[in-house]
Amino acid sequence: PVFRAPEGSCNDQGRHARFVDVTDFLLDGIDFDFRSENAGGSVAVIAAGDAVVRDVAVEGTCRTQTSMFRMEIRNPDGTGLAESIQVRDDQDSTWMTGAYVGKDHSGEVTFRGCELSDFTDNGLYASAPGLDNGGDGAVHTVDSRFENNNVSSIRLGSTRSTARGDSIVVESAPDAKRTNLRGIRFRRGSEQTVDDCEIRFGPAIRDSFGAIVYHADNRGARVTNSHVTVDSDAVPAVKAFYAADEDSSPPVLDDLTVDGAAGRGFAVDVEGRNGMSIRNCTIEQAGDNRDGIRLAYSDECELVDSRVDVTGYPLILRDATLTIRNTTFVTPEGERHVDQMDAEAGDFRPETWRS
């Protein structure tokens, strides 16, 4: 069946489809059509136990609305599954979230095989449970597709949350009041993992902190076995901001491939992250004056079994210490292989890369 909301029925409280304190709940194979004039209202499942939402599409929004789909499990022992959910923001909404997980989520919820596109305020907004007064329930996204979402396509913030097998494409910005397009954003929390994901940023993107971004309040996350293509000038593939918590765990990049035609700026830009680990990584950026890895104000970092091939400076150290093992640096002027080295800022001054 298809549920069609009547004209003038816009209500952000989910008056049309709101399921609260449900357990052993199933919503399967129903589409929600909110395309009538001034019609809308989020589809919300706020469960006290296990819940499944499957093969559901939501289309259409209205101005007073802030999200199109919401799912959370408020029982620490409960599990939720959102499978094959299709949500697209193609209406005149200036600040809209695709799928939202509220701060009281304390169980575990998985978004599998979902499609979230063209949102002005995050595709999957799942960092609220990581607030100090949040439930800290894990959120997982698996084999899902995200296109052209502002702020971030996937926003994780609770402990041990994951993104696996997802595809993120950013070719253009939705019509938002302000834009900062990020693929995956680690906001709050720790021990998150991104694995086997594909992220692509097209040449038209200019307003972005990066394809993968560690926010200052994130206390450590891993990116493994993933591929980031950046054709956007001055946009990093990975950006890690200065850690707000001195006890944060170091970010880890392992088996990450970065390629594309991006020019200027840095492929990997890290500040204030002691113990940063980059292992088994390949960084190749073909655009003019593109630098490789920048480490600033970060001690006891490591770069192991990797290759950096860029048109600018492959490695920039600023008030940082780095152990390098079995790593090759390539510039237009030539190739330099390092078997073993404990490097400091003075060892890789810019002039050392020029003959």
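Which residue lies over the face of F266, and at what distance from the ring centre? R294 takes that place, at 5.6 Å from the centre of the ring. The views below are drawn from a predicted model, in which local features need pLDDT of at least 70 and side-chain atom pairs count only at pLDDT 80 or more, whereas totals for chains, interfaces and linings use all residues. Residues are numbered from 1 along each chain as its sequence is written, and side-chain values use heavy atoms, with hydrogens and water left out.

**Charges over aromatic rings.** Beside the placement of R294 over F266, the charged end of K239 sits over the ring of F241, 4.9 Å from its centre. Such a placement is counted if NZ of Lys or CZ of Arg is within 6 Å of the ring centre and within 35 degrees of the ring normal.

**The aromatic pair of Y100 and Y125.** The structure holds seven aromatic pairs, a pair being rings of Phe, Tyr and Trp (its six-membered ring) whose centres lie within 6.5 Å, with planes under 30 degrees apart counted as stacked, over 60 as edge-to-face and the rest as tilted. Y100 and Y125 form an edge-to-face pair, 5.5 Å centre to centre and with 70 degrees between the planes. Y100 belongs to strand β9 (residues 97–100) and Y125 to strand β12 (residues 124–126), so the pair ties together parts that are 25 residues apart in sequence; helices (H or I, at least four residues) and strands (E, at least two) are DSSP runs, numbered from the N terminus. With a relative accessible area of 23%, Y100 is partly exposed, whereas Y125, at 18%, counts as buried (buried means under 20% relative accessible area, exposed over 50% and partly exposed in between, with a 1.4 Å probe and protein chains only).

**The aromatic pair of F209 and F241.** The ring centres of F209 and F241 are 5.2 Å apart and their planes stand at 65 degrees, so this pair is edge-to-face. F209 is in the loop between β20 (198–201) and β21 (210–214), and F241 is in the loop between β23 (238–240) and β24 (252–259), so the contact ties together parts that are 32 residues apart in sequence. F209 is partly exposed at 41% relative accessibility, and F241 is partly exposed at 24%. Elsewhere, F3, F32 and F34 form one aromatic cluster.

**R187 and its surroundings.** R187 is placed in the loop between β18 (182–186) and β19 (192–195), where, at 18% relative accessibility, R187 counts as buried. Its side chain is joined to that of D217 by a polar contact of 2.9 Å (a pair of N or O atoms within 3.5 Å; within protein, one must be able to donate a hydrogen and the other to accept it, and residues adjacent in sequence count only if both atoms are side-chain atoms). Not counting residues up to four places away in sequence, R187 touches S127, R155, L156, G157, H215 and D217, where contact means heavy atoms within 4.5 Å. The loop between β18 and β19 also holds E191, which has a positive phi of about 65 degrees although it is not a glycine, and which is partly exposed with a relative accessible area of 47%.

**F111 in the largest nonpolar core.** This core has 84 residues, and those with the most contacts inside it are F111 and L253; a core is a set of buried Ala, Val, Leu, Ile, Met, Phe, Trp, Tyr and Cys residues joined through side-chain atoms within 4.5 Å. Leaving aside neighbours within four places in sequence, F111 is in contact with residues including F69, A82, A99, V101, L124 and V139.

**The disulfide of C10 and C62, with two further cysteines.** A search of the whole structure finds one disulfide (a pair of cysteine sulfur atoms within 2.5 Å). The sulfur atoms of C10 and C62 are 1.6 Å apart, and the link is right-handed, with 70 degrees about the S-S bond. C10 is in the loop between β1 (2–4) and β2 (17–22) and C62 is in the loop between β6 (51–59) and β7 (67–73), so the pair ties together parts that are 52 residues apart in sequence. Both C10 and C62 are buried. The sulfur of C114 is 14 Å from the closest cysteine sulfur, that of C197, which is too far for a bond. C114 is buried at 3% relative accessibility, while C197 is in no disulfide and is likewise buried, with a relative accessible area of 3%.
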